Structures are given as structure tokens and as C-alpha cells.
Amino acid sequence: MAKLTVLDLKAKKGPGSLVMVTAYDYPTARIAQEAGVDLILVGDSLGMVVLGYDSTVPVTMEEMLHHVKAARRGAPETFLIADMPFLSFATPEAALENAGRFLKEGGADAVKLEGGLEVVPVVEALVRAGIPVLGHVGLTPQTASSLGGYRVQGKDAESARRIVEGARALEAAGVWGVVLEMVPTPLARRVTEELTVPTIGIGAGPVTDGQVLVFHDLVGIFDRFKPKFVKRYAEAGALMREAVAAYAREVREGVFPDEAHSFGMREEILKKVYGD
Ligand SMILES: Nc1nc(=O)c2c([nH]1)NC[C@@H]1CN(c3ccc(C(=O)N[C@@H](CCC(=O)O)C(=O)O)cc3)CN21
Ligand SMILES: CC(C)C(=O)C(=O)O
Ligand SMILES: [Mg+2]
């Protein structure tokens, strides 16, 4: 499957049109590409999922770049999006510098950044410079504290209006798509209907044009919390734990390594070395 272009992406409207999954390293990106996803997101969720932070706030550009490069090596033929970490896009100048690093050093195809109306000047600067941008409204984890925690957004008129106006403004600023995170399905439906660019939902119901999930959530190797929107398609964590436990058992019992996993040599060479 050939890598999608931004022009292709802009036309992907209708539920089921875009499949996105996060990946943070070579093996997971490789698995995602082999599974045939449309888009890989190197999400700043990596701070919580693979670095063990309590939120996405501490994640740095250097940490992100390290993982973007690894994921790119694992999935050279899949459209790859780098998530801009907290404060890396606080000004248009900072955003240009940091998004530029993701594309030039990391090999990313696009960047994603959190926010609505308040990030319009930043999005405009990136788009003007030729950097493809994916928007992100609803629950924006980098500012979750101001939103009352990791909760559904847009349940009251004021919050819903902010999401609608944010999505509209992002489209006008030139994004090629908008992530809708943790918003009620009826609101996600209306936003999806009025935008000409695709929406990609996570906890936004079946009505968005695309879906995204965190890799480790869907394969069952993340246990710290389980948002309602997560569906586990495997119990890979249990599988991995059983594999390591079996290895430990076999080493302790002298079962592993056996001849099939060891190397022999000619007896007389060993005799020469030891002189016996
Ligand atoms: N592994 C992982 N998956 C994610 O989807 C994810 C991350 N990490 N890290 C960054 C953000 C944080 N996100 C989160 C984190 C927690 C909940 C959660 O606990 N939600 C509960 C409570 C909802 C409420 O109180 O309203 C839920 O039942 O969905 C949701 C989204 C989404 N993102
Ligand atoms: C959940 C997605 C949209 C994200 O921003 C991330 O993984 O960091
Ligand atoms: Mg993120």
C-alpha cells in the first residue's frame, strides 16, 4: 500500500475512512504498518505509556524526536504524524523550529498539536511554511487540569461551542484533519458533518471519519488506567508475562538453554587451548 498524501487525506470523509494507531518505536511501528493502518501517530502519550510519567506535560522535544526516528525506521511506508509536546508550540517561532525538526530530523510527514482558537496563529504559521498540521480539540491532555481532568468535553453549551468554534477555526487555518478526543457522539457527528476535512475520533463515537487508539491500550499492555473508549483486541500483556515466566522457570529448572539454542566446537581445539 502506497503512503497516503495530504491531498488524499483531506478527501477521506465518512466513517471508517481513516485508521490511525499510535506507535512509539521500531517494533510497534512495524507491526502497525504490517497490519495496514493508514496513519501512525507518535503520540506524546508515550510519556505515560512507555516512559512512565503521570501526564504528558513533562515530555520533551528530545524524547519525542528519539521515538519519532525509531517509529519512522519501523514504518518507512506509512504516513507518520509527530505529536508536538507541551510548550513546543507556545509561539509561532517555537512551533516552526520544533515542527521543522520533526520533519527534517525525524522523517515525520505531519505534526499534530492540541488546541482550538488559541492555536490558530501557530497553525497558520506552520501551514504557510508548508508543514501539514493535524488539529486536536475536545479533551486536550496537555491542559487536562484546566478541563477538570481526563473527562468528556463538550457536555454543556459553552464547552460544546468552544469545540465547534475551535474545529471551524482550525479548518480555516489550513489543517488537513482534526482529532476529536472524548466528546459526546452527537457533537462529534455535527462537527464531522460541517468540516470538509476529516475528523479522527478517540472516544467520540462511530461518527467521525477516522478512529485512533493508543497501541498499548488496544493490544492490552497498558494497565494503569482504562478509559471507557478503549477496546482491548488482545491480552498481549498477559501473553508477554507468561512468556517471561516460562523462560524464568526453564532457566531455574535447567531446561533452557538446550542443545538447539547452544553452540558446539571441535573437541581437539579445546584440548589445544587447555593443553590436555
Ligand atoms: N494509554 C493511554 N491511552 C490514552 O488514550 C491516553 C493516554 N494514555 N495518555 C494521554 C491521554 C490521557 N487520556 C485519558 C486518560 C484517562 C482517561 C480516563 O480515565 N477516563 C475515564 C474517566 C472519565 C471521566 O471521569 O469522565 C473513563 O472512564 O473514560 C481518559 C483519557 C487519553 N490519552
Ligand atoms: C490519543 C492521541 C490522539 C494522542 O494525542 C496521543 O496519543 O498522544
Ligand atoms: Mg497527544
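A residue is counted as near a molecule when its C-beta atom, placed from the backbone, lies within 6 Å of it.

The model is predicted: local features need pLDDT of at least 70 and side-chain atom pairs count only at pLDDT 80 or more, while totals for chains, interfaces and linings use all residues. Residues are numbered from 1 along each chain as its sequence is written, and chains are lettered from A and ligands numbered from 1 in the order in which they are written.

**Ligand 2.** Select ligand 2 and display T22, L41, G43, D44, S45, D83, V179, E181, I202, V212 and V214, which surround the ligand. Coloured by class, this shell has five nonpolar, three polar and three charged residues (Ala, Val, Leu, Ile, Met, Phe, Trp, Tyr, Cys and Pro count as nonpolar, Asp, Glu, Lys and Arg as charged, and the others, Gly among them, as polar).

**Helices 5 and 6.** Select residues 92-104 (helix 5) and 120-128 (helix 6), whose axes come within 9 Å and cross at roughly 45°. Axes are lines fitted to C-alpha atoms, for helices over the stretch in contact, and angles run from 0 to 180 degrees between N-to-C directions. Helix 5 and helix 6 are therefore oblique to each other (under 35 degrees counts as roughly parallel, over 145 as roughly antiparallel, 65 to 115 as roughly perpendicular and the rest as oblique). Show P92, A95, L96 and A99 of helix 5 with P121, V122, A125 and L126 of helix 6, which make the contact (C-beta atoms, placed from the backbone, within 7 Å). By class, this contact has eight nonpolar, no polar and no charged residues.

**Helix 11.** Next, select residues 267-274: among the eight residues of helix 11, the count of buried residues is zero (buried requires 20 or more other C-beta atoms within 10 Å of the residue's own, with C-beta atoms placed from the backbone). Just after this helix, G275 takes a positive phi of about 65°.

**Whole chain.** Finally, zoom out to the chain, with its 11 helices and eight strands. Its C-alpha trace spans about 85 × 35 × 35 Å along the principal axes, and 42% of the 276 residues count as buried.

Notes:
Helices (H or I, at least four residues) and strands (E, at least two) are DSSP runs, numbered from the N terminus. Two residues are in contact if their C-beta atoms, placed from the backbone, lie within 7 Å. A residue is buried if 20 or more other C-beta atoms lie within 10 Å of its own, exposed if 12 or fewer, and partly exposed in between; C-beta atoms are placed from the backbone.
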